[in-house]
Amino acid sequence: MSNVDLFDKIPNNVDLKGDKKLQRALERWQPDYLSWWNEMGPVEYQDKDIYLRTAIDVDAEGWAQFGHVKMPDYRWGIFLAEPVPDRKIPFGDTMGQPAFQEVPGEYRNVLRRIIVNQADTEPASVEQQRWLCKTAPSLLDMRNLFQVNVEEGRHLWAMVYLLQKHFGKDGREEADELLRRRSGDADKPRILNAFNNPCPDWMSFFSFTMFMDRDGKFQLAALAESGFDPLSRTCRFMLTEEAHHLSVGETGLQRIVKRTAELMKENPGKEMKDLGAIPLEMIQKSINYWFTYSLDLFGGEISSNAADYFAAGLKGRFREEKKYDEHTALDQTRVVTTVEDGKLVDREVPLRTAMNEELRDGYVEDCERALKMWNRELEKAGVEQRLSLPHRRFHRHVGEYSKASFDPEGNPISADAFEARRPEWFLADADFEYLGSIMEPCHEVGKIANWISAPVKGVGGQPFDFEYVKL
Ligand code: BYC
Ligand code: FE
Ligand code: FE
């Protein structure tokens, strides 16, 4: 059992009591956080009892407890994974030296920037998802949405702790700004592009948690390698919670595919729209949109920022310590396909500048694994069509490939051709109208909406037909 203080105003395992100044700063931030939650969190059901998991420890066994709580009463706490004794900086120019416990002066700005970027995504996602509770396909799904939301709130706490503890006045100002930016706001938008996109329906929600939260998994894993030990420990514990978010998305899309596949099998030749189901083409369009926006979140293919982060030992590769034998990445190169005057040109670049692309590789591979699962549902039902991931050059707004237009196979096309084919590749207004029309809320215990199949199991030791939300 670690040093957990569950009954403080702010539950924590970082001995907040022992640092009065920090404790006061965080307790001053707490009411502002709650105001933000009440203003920008889920639009309904804040006064209902929801069956939620709360982090109470960092032990692999028993780190969480399940029970009915009202969201504003959720015990958002600060938890860092247990320290690794004598931990060393695992990569970069200062590899092998003791991990930093304090922020080194020369890295203060970059580190702050990384932490603020990470932090900003957490409240952004809550804002993007705030309307979805009105149309949940089951009480279990509604509960899963709220679980993801409160944990993203806790991730904001995790990052704000680092900012307030290690970055003084600047950190406190950043913490305030995190509650002032708003997803999609013209004047004060969230920092990373995809966190300003609307998420209007439940297929978008499942795509979001499948693709965007999965970027989170890879970014957090890269930061869990960090030589800045408090960041590493924070991210290691966040990853424990993140696994559930990913599974909500991956199994959510799988359940949509399964339902559509069953109906296609039972009703040969019938339009899925006439049956109130989601046609495969629409599922593909949602994949096209969220997968490509998620690719943007890894940053440019060639990035001096990424090289600097690596050199400084601040941000590593995915499973840097376990998967790689060589940890300086010096005198090594990688071929990156660049865009020059609208043409594709392969260029050999120093490996350190291609770290974003290295991280993206693991992400794409992980997504492909999920696609295989979904396609297995189609195969099982004897449906011939398959779902696929578009090429990583397709529909990009950040990096090399944002300089030109590409089709889903990655071939260069004109900007006009891209625009002309947009309705073929992405959901249009009429599609969203249709999705809105079938997404009637289904709030009866043990019942599920028509357009999705029921999950194979419940959550937190409970069956599917459990009162996850007490209405
Ligand atoms: N949108 O050198 P470059 C999660 C900017 S998700 C807008 O290529 P860099 C979650 C960039 O700032 C995980 N701007 O990029 C998921 C730079 O600006 P300046 C979040 C962008 O810095 C679901 C310029 O373009 N965590 O946790 O190597 C629910 C050139 O940039 C974008 C992190 O991202 C963009 N997409 O890498 C809830 C980890 N991309 O310098 C939560 C922390 C780049 O020209 N962040 N730019 O002003 C980082 O490590 C890096 O900042 C990035 C970008 C990977 C984001
Ligand atoms: Fe998160
Ligand atoms: Fe998440």
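**View 1. Helix α6 (residues 229-266) and helix α10 (residues 355-380) have axes that come within 8 Å and cross at roughly 20°.** Axes here are lines fitted to C-alpha atoms, for helices over the stretch in contact, with angles running from 0 to 180 degrees between N-to-C directions. Helices (H or I, at least four residues) and strands (E, at least two) are DSSP runs, numbered from the N terminus. This is a predicted model, in which local features need pLDDT of at least 70 and side-chain atom pairs count only at pLDDT 80 or more, while totals for chains, interfaces and linings use all residues. Residues are numbered from 1 along each chain as its sequence is written, and chains are lettered from A and ligands numbered from 1 in the order in which they are written. With that angle, α6 and α10 are roughly parallel to each other (under 35 degrees counts as roughly parallel, over 145 as roughly antiparallel, 65 to 115 as roughly perpendicular and the rest as oblique). The crossing of α6 past α10 is right-handed; that means the near helix is turned clockwise from the far one by less than a right angle, and left-handed means anticlockwise. On the α6 side look for Glu 250, Leu 253, Gln 254, Val 257, Lys 258 and Ala 261, which meet Ala 370, Met 373, Trp 374, Glu 377 and Leu 378 of α10. Contact means C-beta atoms, placed from the backbone, within 7 Å. Sorted by class, this contact has 7 nonpolar, 1 polar and 3 charged residues (Ala, Val, Leu, Ile, Met, Phe, Trp, Tyr, Cys and Pro count as nonpolar, Asp, Glu, Lys and Arg as charged, and the others, Gly among them, as polar).

**View 2. α2 and helix α3 (residues 139-166) cross at roughly 155°, their axes coming within 8 Å.** The pair is roughly antiparallel, and the crossing is left-handed. Among the residues making the contact are Ile 115, Ala 119 and Val 126 of α2, with Leu 156, Met 159 and Leu 163 of α3. In total, the contact of α2 with α3 takes in 9 nonpolar, 5 polar and 2 charged residues.

**View 3. α3 also meets α6, with axes that come within 10 Å and cross at roughly 170°.** These two helices, α3 and α6, are roughly antiparallel to each other. Residues to pick out include Val 148, His 155 and Leu 162 in α3, and Leu 231, Met 238 and His 245 in α6. The contact splits into 7 nonpolar, 7 polar and 2 charged residues.

**View 4. Ligand 1 sits in a shell of 25 residues, of which the closest are Gly 216, Gly 299, Gly 300, Ser 303 and Asn 305.** A residue joins the shell if its C-beta atom, placed from the backbone, lies within 6 Å of the ligand. Two or more residues each come from α2 (108-128), α5 (202-224) and α8 (304-311). The largest share, 6 residues, belongs to α2. By class, the shell holds 7 nonpolar, 12 polar and 6 charged residues.

**View 5. Thr 135 lies in the loop between α2 and α3.** Thr 135 is buried, as it has 20 other C-beta atoms within 10 Å (buried takes 20 or more, exposed 12 or fewer, and partly exposed is in between, with C-beta atoms placed from the backbone). Leaving aside residues up to four places away in sequence, Thr 135 touches Trp 202, Met 439 and Pro 441. Pro 441 is 306 residues from Thr 135 along the chain, yet their C-alpha atoms are separated by 4.2 Å.

**View 6. Gly 382 is in the loop between α10 and β5 (405-406).** Gly 382 is exposed, with 10 other C-beta atoms within 10 Å.

Notes
Two residues are in contact if their C-beta atoms, placed from the backbone, lie within 7 Å.
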